[in-house]
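Subject: Structure for your review

Dear colleague,

Please find below the structure that I am handing over to you.

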Amino acid sequence: MTTSNNSNTIELQKIASIARSRIILNSHKTGTPHLGSCLSCVDILVALYFSKLNINPKAPRSAIRDRFILSKGHGAPALFQILAMRGFYPDKLLSDYGEDGSIFAEHPPAPDYLPGLEAATGSLGHGLPIGLGMALSSMISGNSFNVYVLLGDGECNAGPVWEAATMAVAQKVENLTIFVDANKWQATDRSADLVGPTSLKDKWESFGWNSSEIDGNDMQEILAVLSKKPIKRTPTALILNTIKGKGVSFMEDDNNWHYRIPNKEEVELAFNELGVEL
């Protein structure tokens, strides 16, 4: 790896730490839940928005922009912070988060309300069908762009995910990539205990997708896999093995943080671990 690549990895890791600190502080101030689920997917969001996606915050509706859909819509607080840090809107716009009338809710709103969003999500299992439609529109219209969809591992219980997975292969949609945030938890229990142990990599491969599995909280691994060229006429599935609550020791792999809100002392401890000043 070159020095330049090392520098890029370090810079993105710093951005991820700042994003995590903002998400945690926001949860404390507004009482917004799903903190653990937000922290597990920060690294892939940072890598996409700061290194991979063909996007322009000054032209958020460009016809040839890449599309990103947060299908696990409960991770919206993470996406909102990343979009602000990327320049789609000023940080101060987030000041009314959680208040009546705010455009920022627990799930992403419709695209017309917020620049950078592509779809209102949160009803699990719907993001991939929407993304598939967008990818097909690119092929039909001749506007060349890529579509990326982030799902949760628990979300992969939903039937529409696999209906879309089958159609994507049948239509040879090569400009569609999904990421599965496999943090091993659902709202109330371990994913494996609720639906049985399964290899998500093998499952997506069995549906005909080009599938691989990486450490989804390792920025270097993420950047390496994102740099690979997609396989022609085949959609891609990347299984991200992540840790719920990643970045803060007392939140990591503790499903209480699916709903818990950090108090002032916990916020201070988290900021200290992340190396960010409060």
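Ser144 is exposed, because its relative accessible area is 64%; exposed means over 50%, buried under 20% and partly exposed in between, with a 1.4 Å probe and protein chains only. The model is a predicted one, in which local features need pLDDT of at least 70 and side-chain atom pairs count only at pLDDT 80 or more, while totals for chains, interfaces and linings use all residues. Residues are numbered from 1 along each chain as its sequence is written, and side-chain values use heavy atoms, with hydrogens and water left out.

Ser144 lies in the loop between α5 and β2 (147–152). Helices (H or I, at least four residues) and strands (E, at least two) are DSSP runs, numbered from the N terminus. Leaving aside neighbours within four places in sequence, Ser144 contacts Ile64 and Ser138, where contact means heavy atoms within 4.5 Å. Ile64 is 80 residues from Ser144 along the chain, yet their C-alpha atoms are separated by 6.0 Å.

Next come two helix pairs. Two packed helices are described by the angle between their axes and the distance between the axes. Axes are lines fitted to C-alpha atoms, for helices over the stretch in contact, and angles run from 0 to 180 degrees between N-to-C directions.

The axes of α5 (residues 127–141) and α6 (residues 159–170) come within 8 Å and cross at roughly 20°. α5 is therefore roughly parallel to α6 (angles under 35 degrees count as roughly parallel, over 145 as roughly antiparallel, 65 to 115 as roughly perpendicular and the rest as oblique). On the α5 side, Leu128, Pro129, Leu132 and Leu136 make the contact; the α6 residues include Val161 and Met167.

For α3 (residues 42–52) and α4 (residues 76–86), the axes come within 10 Å and cross at roughly 25°. This makes α3 roughly parallel to α4. Leu45, Val46, Tyr49 and Phe50 of α3 meet α4 residues, among them Leu79 and Ile82.

Finally, the largest nonpolar core has 53 residues, and Tyr49 and Phe80 are among those with the most contacts inside it. A nonpolar core is a set of buried Ala, Val, Leu, Ile, Met, Phe, Trp, Tyr and Cys residues joined through side-chain atoms within 4.5 Å. A second, separate core of 27 residues includes Ile69, Met134, Val147 and Ala182.
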